[in-house]
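Trainee: Please put the model on the screen, and let us go through it by question and answer.

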Amino acid sequence: METLKVPTMQEKIANGETPDILFWVGCSGSFDDRAKKITKAIVRILNHVGANFAVLGVEESCTGDPAKRSGNEFLFQMQAMQNITILNGYDVKKIVTGCPHCFNTIKNEYPELGGKYEVIHHTELVQQLINEGKLKVQGGEFKGKKIVFHDPCYLGRANGVYEAPRDVISKLDAELVEMKRSKATGLCCGAGGAQMFKEAEKGTKEVHVERAEEALAQNPDVIAVGCPFCNTMMTDGVKHFNKEDKTKVLDVAELIATANDL
Amino acid sequence: MISSIIFVAFFIVGSTYFFINAKKIRRNILLGKDISITDNRSERIKTMVLVALGQKKMFTRPIPAILHLFLYAAFVITQIELIEIIFDGITGHHRAFRSSLGGFYTFMVSFIEILSVLAFIGTVAFLSRRNLLKIPRLVKSELNGWPKLDANIILIMEIILICFIFMMNGADEVLYSRGQSHAENLGDSSFGFSISSYLGPLIYGGMPTAGLHVIERIGWWGHIIMVFGFLNYLPFSKHLHILLAFPNTYFSNLKVKGQFNNLFEVTDVVKPNFDPAYQPVLDPNAVIKFGVKDVTDLTWKHLLDAYSCTECGRCSSSCPQNITGKALSPRKIMMDTRDRLVEVGKNIDKNGGTFVDDGKSLLGDYITSEEIWACNTCNACVQECPVNIDPLSIIVGLRQQLVLEQSSAPNELNGMFSNLENNGAPWQFSPADRANWINEN
């Protein structure tokens, strides 16, 4: 059995240590069985490079993103201020998130409410670790495989981060292909705006089916994602077309952790 | 002399009527809530130059971008010719600037003629795209009726305008070669304009001089009548974007797209729970309305957005929900906002300057909750808009109204809200289990 080292902020402080970076896990990464694997892949990378990090553990709470997007500003601000109180209490300076929605909310919407931190998405962290020489990456089982990257809206369009995940994937010696709608014109997976938590309105097609169809048209071995919600939606979409044996939906962190036996 | 008087009268009436309607639009826009957009002047000018003048965002779709560029360039450059037309109209001269400007005059008119031919091609192509090829985004249901007619009227007006220009220049060319033009004779036998010096003799070469004088005048008057007709059509048309694209891009949202506006009226109430030292700013007894029910709950920038929309539909054709057949269409959000604002404006005009409640609102009578709840907040519409319109922030405002004022979110979302409140997660998991993943296999 592998042993992950996941210190909490409370433990670190009790030991008189100050972590360099807080890993914000997010609700999906904490509770969703599929997303927990992504969380662990991120931890493996952090452990591998010996990062001095911590998580909030049970002190973490939803950033309020789904409340904000669905117009419940009260609930959003309650969540935000509760989190900010805890983060500021620990004097957190730098945060890495496993989810673009958490990333966007903490980075862009917390400052006005008193929470100012340096916030990066986990694909940016991996890119930095590679660039600094702390993480050596090989292609492993993905070498020569065809990988298509699906841009999460809240990483790409919302924050202009298009290159970090692609840069990381390119280190796998894989064939990175693009869908017609990618980067700034990328199509949503269908989960954003709190759609994850409700049925779709009446229409002719589900958004995730439309997007999965576009990704599968590239005939990829892997659909790479950087968001646990995109992961769920794209996985459902691939299943819709009965392509789950041929095409895997994997987070960029999982690609790196798996290829390098971390 | 008589023609000068008619021209001046026409000029004054045409300008005044436009001014009156432009003022109404300004008043309507200012019905929106006040926000201050005075920061980053140089960045704003840069955005305006790139996006409005340079049409940067159009070029993500090259074919319509090039066709549009033809019309746009012709429109902008032709305005230079108007200076002479207005001068001639008032003073009774004919081609007053030709003798003094010489070769530059020939160059300018030639350039305008070439752009006019390109604009003609563009206009015919646009008409075909709408009516024959039926490009999907140009035939969607929200365009049925007036919007479709409006688009065709604009294009047909442009074709007529171009025809008048060539009637005027073509007939005058033949007259000049016969020594019969009212333009000052400079001892040459042709104006030497790029298109009309060939097209004129070809079409009008065989016609008698008296008839040509009539045709030349029809072209001249027709041109200026169309210009003023167009100007006065703008306030009632989607075509207003040719003017409002400039201020609208200047006042663009310069923040990253992921940052949604903070509602300070909420912060003011929530903050004391976490910071006992915080002193609320807003009057606790004042009635605060949350979110957007009607157009007056939007900001003036939203309303400027609505008037700037030319209904091109790039937003809706990139909207994941619209693509998959849902009722949501960002373009319709903007069209509804404008339609409702125009209705409110007419109400104010009719009732001597004050709005009398008509029992209607943007939310419900124009935009349905089905449309609003379909949105993915993915910002594709915002990204696509060639004049930086933001339909998403209107949608979020409408959602805030439904949730905070009317408590009428879809049931599943209400469930998500209570999970968030009770468990700190959108699902029904105990917050005590949040770190369980650490020790699971």
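Mentor: Domain bounds come from an automatic or database domain assignment. Keep in mind too that this is a predicted model.

Trainee: How far apart are the centres of domain 1 of chain B and domain 2 of chain B?
Mentor: The assignment for chain B gives domain 1 as 2-30 + 61-250 and domain 2 as 264-409. The centres are taken over C-alpha atoms, and the separation between domain 1 of chain B and domain 2 of chain B is 38 Å.

Trainee: Which element gives the most to the side of domain 1 of chain B that touches domain 2 of chain B?
Mentor: In this contact, 21 residues of domain 1 of chain B meet 22 residues of domain 2 of chain B. On the domain 1 side, α1 (2-29) and α9 (241-250) of chain B each supply at least two residues. By class, that side divides into 11 nonpolar, five polar and five charged residues. With six residues, the element that gives the most to it is α9(B).

Trainee: Is B:Leu53 buried or partly exposed?
Mentor: B:Leu53 is found in helix α2 (residues 41-53) of chain B. A residue counts as buried if 20 or more other C-beta atoms lie within 10 Å of its own, and as exposed if 12 or fewer do. B:Leu53 has 13 such atoms within 10 Å, so it is partly exposed.

Trainee: What distance separates the C-alpha atoms of B:Leu53 and B:Leu263?
Mentor: B:Leu53 and B:Leu263 are 210 residues apart along the chain.

Trainee: Now chain A. Which element gives the most to the side of domain 1 of chain A that touches domain 2 of chain A?
Mentor: Chain A is assigned domain 1 (9-127) and domain 2 (137-259), with C-alpha centres 23 Å apart. The contact joins 26 residues of domain 1 of chain A to 25 residues of domain 2 of chain A. Elements giving two or more residues to the domain 1 side are α2 (27-31), α3 (33-48), α4 (65-69), α6 (100-109) and α7 (122-131) of chain A. With eight residues, the one that gives the most is α3(A).

Trainee: Which are the edge strands of the open sheet in chain A?
Mentor: This open sheet has four strands in the order β6-β5-β7-β8 (chain A), with parallel pairing. An edge strand pairs on one side only, and in this sheet those strands are β6 (175-177) and β8 (248-251) of chain A.

Trainee: What is the bridge partner of A:Val222 in β8(A)?
Mentor: Strand β5 (residues 146-149) and strand β7 (residues 222-225) of chain A pair in the parallel sense over three bridges. There, A:Ile147 has A:Val222 as its partner in β7(A), and A:Phe149 has A:Ala224. β7(A) also runs parallel to β8(A), joined to it by four bridges. In β8(A), the bridge partner of A:Val222 is A:Lys248.

Trainee: Which residues point the other way from A:Val222 and A:Ala224 in β7(A)?
Mentor: The four residues named for β7(A) are all buried, and they point in two directions. A:Val222 and A:Ala224 point one way, and the other way point A:Ile223 and A:Val225.

Trainee: What hand has the β-α-β unit of β7(A), helix α10 and β8(A)?
Mentor: The helix in this unit, α10 of chain A, covers residues 228-240. Together with β7(A) and β8(A), it makes a β-α-β unit that is right-handed.

Trainee: At what angle does helix α8 of chain A run to β5(A)?
Mentor: Helix α8 (residues 163-170) of chain A lies across β5, β6 and β7 of chain A. Its angle to β5(A) is about 170 degrees.

Trainee: Which element of chain B is included in what covers the buried residues of α9(A)?
Mentor: Helix α9 (residues 207-216) of chain A is largely enclosed by the rest of the structure, because seven of its 10 residues are buried. Among them are A:Val207, A:Arg211 and A:Leu216. The cover includes β5, β7 and α10 of chain A, together with an element of chain B, α13.

Trainee: How many residues does the contact take from chain B and from chain A?
Mentor: On the side of chain B that touches chain A, the elements giving two or more residues include α10 (264-270), α13 (320-323) and α19 (411-423) of chain B. By class, this side has 33 nonpolar, 16 polar and eight charged residues. The contact takes 57 residues from chain B, and from chain A it takes 58 residues.

Conventions: Residues are numbered from 1 along each chain as its sequence is written. Chains are lettered from A and ligands numbered from 1 in the order in which they are written. This is a predicted model: local features need pLDDT of at least 70, side-chain atom pairs count only at pLDDT 80 or more; totals for chains, interfaces and linings use all residues. Two residues are in contact if their C-beta atoms, placed from the backbone, lie within 7 Å. Ala, Val, Leu, Ile, Met, Phe, Trp, Tyr, Cys and Pro count as nonpolar, Asp, Glu, Lys and Arg as charged, and the others, Gly among them, as polar. Two strands pair if DSSP finds at least two bridges between them. Axes are lines fitted to C-alpha atoms, for helices over the stretch in contact, and angles run from 0 to 180 degrees between N-to-C directions. A crossover is right-handed if, with the strands pointing away from the viewer, the path from the first strand over the helix to the second runs clockwise.
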